[in-house]
Amino acid sequence: MSNLITSRRLWLGLGGTGLFLGLFFWRTDLGELGDALAQANYWWVVPAVAIWFVSAAFRSLRWHYLLRRLANLSTRTLYPIVIIGYMANNLLPLRTGEFIRAYVLGERHGVSKMSALGTIAVERVFDGVVLVGFLLAAGAVLGLNEELTALAVGMSVAFAALLGLFVYVASSPERARRWTERAMGLLPSTVRQRAQGLADSFLEGLQSLQSPSLVVLVLGTSLVAWLLEAFMYYLVGRSFSIDEGFAAYMMVAAAANLAITLPSTSGGIGPFELLTKETLTFLGTGSSVAGAYAIALHGFVLLPVIAAELVFLWAINLSLGRTLGEAG
């Protein structure tokens, strides 16, 4: 059954990828795109990739803060698990990497997988809040077109609502349990107890939001991680001689990553390239150079992470097939 689910997710991801890449290439001159890729100075990629792995360390530190109520795990311990989760997101659609990360954490360190998913849900909300902030801040300097304005408004509403809901639930665990008990009452009695246990574990992962100081730490580490990733985008831009300031790359990071926030394609391939290209084109970069940059940038994000993940899986004695199959 897990193989069937994984196969369906894979085909769904490939379908979405094909659709968005079709839109991407439809408005791109392939000859000029090839020339731009050939003429780029790829020496800038070395520090750019290194910066991404530093940003992953801040994401690991953030997870350490969120997990503190559940387990005392160091940033160093969590770092390879974070990388493994990103790899799975790169290979499978529907944000499967989040489940992989919770699975590996549970298998290796005995943390409730549903509670771990609760902490990961908090991460995703704070990522969204920071990225929306980037888009609004960069837009105040550079302006926004109609599509980016719609993205900013829609995501602002969505993440503000999610954050408000999470904080409200975390502020009163007893109230949250009453809600879930009412919801579980609609389920068949054979699965009700199991479902209630899973819901309780997930809600436990949200309890870190009860601490204002912890919220500040999570927001701070999220901000640093995304600033570092935007700096990586800036360095790759130097490879293509794109003469834009740092605010432009904050906008690119926000638009491209907000576009892949919802479960969609494997690794976000397609939406990421399309939004990166369209954002840079709006800012004045030529369409072919913007397209070449988008392809190269996503490749430099995806491939080193997959390579590092294989090393980390080997180091902790887990196979790729077993990890993807059992968590999926």
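The model contains 10 aromatic pairs, where rings of Phe, Tyr and Trp (its six-membered ring) pair if their centres lie within 6.5 Å, with planes under 30 degrees apart counted as stacked, over 60 as edge-to-face and the rest as tilted. This is a predicted model, in which local features need pLDDT of at least 70 and side-chain atom pairs count only at pLDDT 80 or more, while totals for chains, interfaces and linings use all residues. Residues are numbered from 1 along each chain as its sequence is written, and side-chain values use heavy atoms, leaving out hydrogens and water.

**Aromatic pairs**
- The ring centres of Tyr168 and Trp179 lie 5.5 Å apart with planes at 35°, so this pair is tilted.
- Tyr168 belongs to helix H7 and Trp179 to helix H8 (residues 173-184), 11 residues apart; helices are DSSP runs of H or I, at least four residues, numbered from the N terminus.
- Tyr168 is partly exposed at 39% relative accessibility, a class between buried (under 20% relative accessible area) and exposed (over 50%), with a 1.4 Å probe and protein chains only.
- The rings of Phe231 and Tyr234 are stacked, with centres 5.9 Å apart and planes at 15°.
- Both Phe231 and Tyr234 lie in helix H10 (residues 212-239), 3 residues apart, about one turn of the helix.

**Charges over rings**
- Arg59 places its charged end over the ring of Trp226, 4.4 Å from the ring centre; this requires NZ of Lys or CZ of Arg within 6 Å of the centre and within 35 degrees of the ring normal.
- The charged end of Arg101 sits over the ring of Trp63, 4.4 Å from its centre.

Methods:
Helix = DSSP H or I, 4+ residues; strand = E, 2+ residues; numbered from the N terminus.
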